[in-house]
Amino acid sequence: MKITQLLVSVLASTLTAAAWLAPGDISSGYCVIHRVPEWEQRKLFFDFTKEFYVTRNVSEAFKLYVADDYIQHNPFEGQGAAASEQYLAPIFEDPAIGVTVLRQGFDNGTGWIHTRIDGYASLPVAIVDIFRFNGSCVQEHWDVIEELPANATNPIALF
Ligand SMILES: *[C@@H]1O[C@H](CO)[C@@H](O)[C@H](O)[C@H]1NC(C)=O
Ligand SMILES: *[C@@H]1O[C@H](CO)[C@@H](O)[C@H](O)[C@H]1NC(C)=O
Ligand SMILES: *[C@@H]1O[C@H](CO)[C@@H](O)[C@H](O)[C@H]1NC(C)=O
Ligand SMILES: *[C@@H]1O[C@H](CO)[C@@H](O)[C@H](O)[C@H]1NC(C)=O
């Protein structure tokens, strides 16, 4: 296929996709909410966490999977997908910071993921993130964060 034909075909498919969306959906640039069955939400959750915590492309993870009007309960992040994307990208895209997924699950429209973060604080940090879906998109987030105490008495503390 010649490059001009390819461009025409890409443009045509973009216009076709755009025709299905309301104008507000295009301008947000984030995930567009539509109804999906629970098995598909579960797949979307695992795709989202792979992009976020394994590939560590925060912008791509937020643009593809998080609703524009994301509700945030982290004490230091602002409301909306863009605010969290900007807060998290410098942390999760920094190769000096280690991110290890320990376990995760999904049930009844809500997913959770337990991770270990090395190199952010002086000692390893354990995080549990909880994400609520609305249709095809992540709509709300809570997290619980704990740094390993220097004087921990349990040899298997946190991990
Ligand atoms: C994230 O993915 C997008 C789309 O593939 C790419 O354009 C961008 O450069 C990636 N960003 C990083 C930090 O890897
Ligand atoms: C399923 O999720 C809905 C909406 O978040 C919640 O109201 C309901 O209590 C949940 N059901 C169970 C069994 O957890
Ligand atoms: C789901 O998203 C729609 C469209 O943004 C919104 O009107 C609705 O309140 C949301 N529902 C929940 C439970 O978050
Ligand atoms: C561990 O250190 C913290 C902070 O210094 C202190 O508040 C806490 O009492 C200590 N706990 C134990 C069990 O030593």
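**A guided reading of the predicted structure**

N108 is found in the loop that joins β2 (98-107) to β3 (110-118). Is N108 buried or exposed? With a relative accessibility of 62%, N108 counts as exposed, because the term applies to values over 50%.

A second residue of this kind is R56. Its phi is positive, at about 65°, although R56 is not a glycine. R56 also belongs to a loop, here the one between α3 and α4 (58-65). The relative accessibility of R56 is 16%, so this residue counts as buried; the limit for that class is under 20%.

The chain contains five helices and five strands. Followed along the sequence, these elements occur in the pattern α-α-α-α-β-α-β-β-β-β. The chain has 159 residues, and 36% of them count as buried.

The next feature to consider is the largest pocket, which holds about 370 Å³ of space. Which elements each supply at least two residues of its lining? They are the helices α3 (38-55) and α5 (81-92), together with the strands β1 (66-72), β4 (125-134) and β5 (137-147). In total, 22 residues line the largest pocket. Those that lie nearest its centre are N74, L88, I127, D143 and I145. What is the make-up of this lining by class? It comprises 16 nonpolar residues, three polar residues and three charged residues.

The protein covers 31% of the accessible area of ligand 1, which amounts to 360 Å² for the ligand on its own. One of the surrounding residues, N57, has a polar side-chain atom that lies 2.3 Å from an oxygen atom of ligand 1. This pair counts as a polar contact, because the limit is a separation within 3.5 Å between N or O atoms.

Methods:
Residues are numbered from 1 along each chain as its sequence is written. Chains are lettered from A and ligands numbered from 1 in the order in which they are written. This is a predicted model: local features need pLDDT of at least 70, side-chain atom pairs count only at pLDDT 80 or more; totals for chains, interfaces and linings use all residues. Side-chain values use heavy atoms; hydrogens and water are left out. A polar contact is a pair of N or O atoms within 3.5 Å; within protein, one must be able to donate a hydrogen and the other to accept it, and residues adjacent in sequence count only if both atoms are side-chain atoms. Accessible areas come from the Shrake-Rupley method with a 1.4 Å probe; for residues, only the protein chains shown count as cover. On a 1 Å grid over the protein atoms alone, a cavity is a set of points where a 1.4 Å probe fits but cannot get out, and a pocket is an open set with protein on both sides within 12 Å along at least five of seven lines; lining residues have an atom within 4 Å of a point. Grid points are joined across faces, edges and corners, and a volume is the space filled by probe spheres set on the points. Helices (H or I, at least four residues) and strands (E, at least two) are DSSP runs, numbered from the N terminus. Ala, Val, Leu, Ile, Met, Phe, Trp, Tyr, Cys and Pro count as nonpolar, Asp, Glu, Lys and Arg as charged, and the others, Gly among them, as polar. Buried means under 20% relative accessible area, exposed over 50%, partly exposed in between (1.4 Å probe, protein chains only).
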